[in-house]
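Hello,

Please open it first, and then read my notes below.

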Amino acid sequence: MSILFYSNDRDSDSLEKQFREQLAEHSFTSWSEIENETGTASDNHDSKRSRIDYVIAWNPPPNLFEGLHNLKAIFSMGAGVDHLLDHPGLPMDVPLARLEDAGMGAKMAEYVLLGTLMAQRTMVQYRTAQNRQHWDLTQPDVHARDVEVGIMGLGAMGHSCATRLLQNHYNVRAWTARPKEVESIRCFHGQEQLTAFLKNLSVLVCLLPLTDDTRKIINADLLATLPDHAFLINAARGAHLDQSALLQALDNNTLAGALLDVTDPEPLPAEHPLWSHEKVTLTPHVAAPTQENETIDQIVANIRRMDKGEPLRGLVNRQSGY
Ligand code: NDP
């Protein structure tokens with residue numbers, strides 16, 4: 001089988017080298033070899049492109065899928081697949097598999113715990129006081145057992161975060177598409193239970209996939225449902241959040257603060273108010289970086305399943321978009 005690897009991430013050379021070593025029985029084609037293939041790629045059935053069987057990709061360029069007439073499967077090098085589903089050339093009838101946890105859940109749990117601790121220990125308020133050289137002794141002494149954390153999305157990421165929060169004595173609720181019963185977690189689902197899920201939350205965590213149903217889901221109406229002392233953690237995708245609505249809520253003191261790992265766009269333009277807002281902490285999409293070994297192991301195992309005609313793990317449902 002012939003594999004095309006494409007990633008625009010900083011670790012891409014090392015990843016490609018390891019895939020080539022581990023899948024030595026397959027032949028690999030570099031993007032640089034076919035990027036400028038002469039002729040109209042989509043018409044040529046005898047090109048290098050037309051011999052590609054599998055694509056392993058992260059953030060592919062617009063012309064990546066052109067002329068891949070023999071393509072049998074696409075493997076995303078991320079848990080999220082919006083970078084592929086939004087791709088104008090993505091073939092509709094080719095199976096698409098994503099990473100399932102692949103070591104990212106543990107990292108995400110650290111990040112969400114960090115944000116939850118920031119909220120519980122009122123770090124935004126102390127930062128604001130520090131900026132004014134004010135010795136603020138007015139903040140409440142809140143215990144973890146009195147903090148309600150609501151996680152939107154209880155998939156691989158959400159589940160790992162919920163477990164870590166429960167271990168740290170926080171109360172956890174989750175909101176999902178379909179009904180769920182999970183020990184120690186108050187589960188809500190669907191649009192009709194969203195308001196009940198949000199009521200009296202101290203911390204709201206977004207770990208949803210980006211789909212038509214979840215784009216800009218954290219908007220002015222949703223933020224207005226949260227208590228004024230609530231804190232937002234978005235580690236999913238920037239487009240889940242209406243950033244103007246967030247700024248308005250922070251400036252009106254109807255939201256305490258936010259920890260954002262993702263923005264729209266990434267990075268934000270230099271003059272964007274989120275960069276300098278004292279109630280906002282920004283990180284550059286590093287909450288749960290790709291874990292090289294687990295990523296390679298998972299995709300290699302999936303390619304071997306494909307070779308043997310076995311069902312793929314992490315198969316994306318094109319209808320729901322995740
Ligand atoms: P999963 O597909 O495993 O889980 C998705 C969860 O979201 C499921 O619980 C699903 O509900 C729920 N969901 C989907 N659509 C809706 C909806 N319309 N209403 C309510 N709930 C919904 O995803 P992962 O946990 O693996 O990843 C989640 C996201 O995290 C990724 O898509 C990516 O955007 C982001 N991510 C960010 C990283 C970072 O470093 N910042 C790293 C890794 C991931 P149900 O269970 O009912 O299907």
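How do the residues of the shell around the ligand divide into nonpolar, polar and charged? They divide into 16 nonpolar, six polar and six charged, where Ala, Val, Leu, Ile, Met, Phe, Trp, Tyr, Cys and Pro count as nonpolar, Asp, Glu, Lys and Arg as charged, and the others, Gly among them, as polar.

Before going on: this is a predicted model, in which local features need pLDDT of at least 70 and side-chain atom pairs pLDDT 80 or more, while totals for chains, interfaces and linings use all residues. Residues are numbered from 1 along each chain as its sequence is written, and side-chain values use heavy atoms, leaving out hydrogens and water.

The ligand is surrounded by 28 residues, each with a heavy atom within 4 Å of it. Arg-98, Met-157, Arg-178, Lys-180 and Tyr-322 are the closest. The protein covers 93% of the 930 Å² of accessible area that the ligand has on its own (Shrake-Rupley method, 1.4 Å probe).

At least two shell residues come from each of α4 (104–120), α6 (156–167) and β7 (171–176); helices are DSSP runs (H or I) of at least four residues and strands (E) of at least two, numbered from the N terminus.

α4 is largely enclosed by the rest of the structure, because 12 of its 17 residues are buried (under 20% relative accessible area, 1.4 Å probe, protein chains only). Met-104, Tyr-111 and Gln-120 are among them. Just after α4, Thr-122 takes a positive phi of about 45 degrees.

Best wishes

Methods: Buried < 20%, exposed > 50% of the residue type's maximum accessible area, 1.4 Å probe, protein only.
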